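Notebook open, structure loaded. I'm jotting down what I look up as I go.

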Amino acid sequence: QVRLVESGGGLVQAGGSLRLSCAASGSIFRLNAMGWYRQAPGKQRELVAAITSGGSTNYAASVKGRFTISRDNAKNTVSLQMNSLKPEDTAVYYCNCNANPYVLGHNYDYWGQGTQVTVSS
């Protein structure tokens, strides 16, 4: 199966920056779309940004212009550069990917364990 390990969360003041990284490992025949989701206390998990294997990106309206998602297909990694952070960006951020673990068979969604991002005002 596919394992996702995130890093880079932490505490930052409003207006600051953080960079999240996520590495995929394990049985990976093909890594399809990768992305970042977040979940704030009492709220549903929401898409923050996603990127296809070809590099097409999609952002939540609330982060467009402030966050940038990128990936390294050779290293099976995805990163999220977060600038101009706001207190409302505070959440647990989860890495997600869709992958085919084997040559034959279906594709599946996989999740990381989550990393806390806290933005103080």
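**Val2.** I started with Val2, which counts as buried at 10% relative accessibility. The model is a predicted one, so I keep that in mind throughout. Val2 sits in strand 1, which covers residues 2-7. What does Val2 touch once its neighbours within four places in sequence are left aside? I get Ala24, Ser25, Ser27, Ile28, Cys97, Ala99 and Tyr110. I also checked the distance from Val2 to Leu85, 83 residues along the chain, and their C-alpha atoms are separated by 30 Å.

**Leu85.** That took me to Leu85 itself. Buried or exposed, I wondered about Leu85? Leu85 counts as buried, at 2% relative accessibility. It is found in the loop between strand 8 (77-82) and strand 9. Leaving aside neighbours within four places in sequence, I list its contacts as Val12, Ala14, Gly15, Gly16, Ser17, Leu18, Arg66, Phe67 and Val119. I then looked at Leu85 against Gln1, 84 residues apart along the chain, and their C-alpha atoms are separated by 34 Å.

**Positive phi.** Next I went through backbone torsions. Ser84 is in the loop between strand 8 and strand 9, the loop where Leu85 is found. Phi of Ser84 is positive, about 50°, although the residue is not a glycine. Ser84 counts as partly exposed, at 40% relative accessibility. Asn76 is another non-glycine residue with a positive phi, near 55°. I place Asn76 in the loop between strand 7 (67-72) and strand 8.

**Cysteines.** How many disulfides does a search of the whole structure find? I get one. It joins Cys22 to Cys95, with an S to S distance of 2.1 Å. The pair links distant parts of the chain: Cys22 is in strand 3 (residues 18-26), Cys95 is in strand 9 (residues 91-100), and they are 73 residues apart. I checked the handedness too: the torsion about the S-S bond of Cys22 and Cys95 is about -85°, so this disulfide is left-handed. Both ends are covered up: Cys22 is buried, with a relative accessible area of 1%, and Cys95 is buried at 0%.

Then I turned to Cys97.

**Asn100.** I looked up Asn100 because it is found in strand 9, the strand that also holds Cys95. Asn100 is buried, with a relative accessible area of 6%. Not counting residues up to four places away in sequence, Asn100 touches Ile28, Phe29, Arg30, Asn32, Gly105, His106 and Asn107.

**Whole chain.** Last, I stepped back to the overall numbers. Which elements does the protein have? I find zero helices and eleven strands, so from the N terminus on the order is simply β-β-β-β-β-β-β-β-β-β-β. The radius of gyration is 14 Å, close to the 14 Å that the globule rule gives for 121 residues, so the protein is as compact as a globular protein of that length. Along its principal axes, I read the C-alpha trace as spanning about 50 × 25 × 20 Å.

For burial, 40% of the 121 residues count as buried. I then checked contacts between residues at least 6 apart in sequence, and 57% of them join residues at least 24 apart. The accessible surface comes to about 6400 Å², and 49% of that belongs to carbon and sulfur atoms. For charges, I have 11 positive and 6 negative, and their mean positions are 3 Å apart.

Notes: Residues numbered from 1 in each chain as written. Predicted model: local features only at pLDDT ≥ 70, side-chain atom pairs only at ≥ 80, totals over all residues. Heavy atoms only, no water. Helix = DSSP H or I, 4+ residues; strand = E, 2+ residues; numbered from the N terminus. Rg over C-alpha atoms; globule rule 2.2 N^0.38 Å. Buried < 20%, exposed > 50% of the residue type's maximum accessible area, 1.4 Å probe, protein only. Contact = heavy atoms within 4.5 Å. Areas by Shrake-Rupley, 256 points an atom, 1.4 Å probe, with all protein chains shown as cover. Lys, Arg positive; Asp, Glu negative; His and termini not counted. Charge placed at Lys NZ, Arg CZ, Asp CG, Glu CD. Disulfide = S-S within 2.5 Å.
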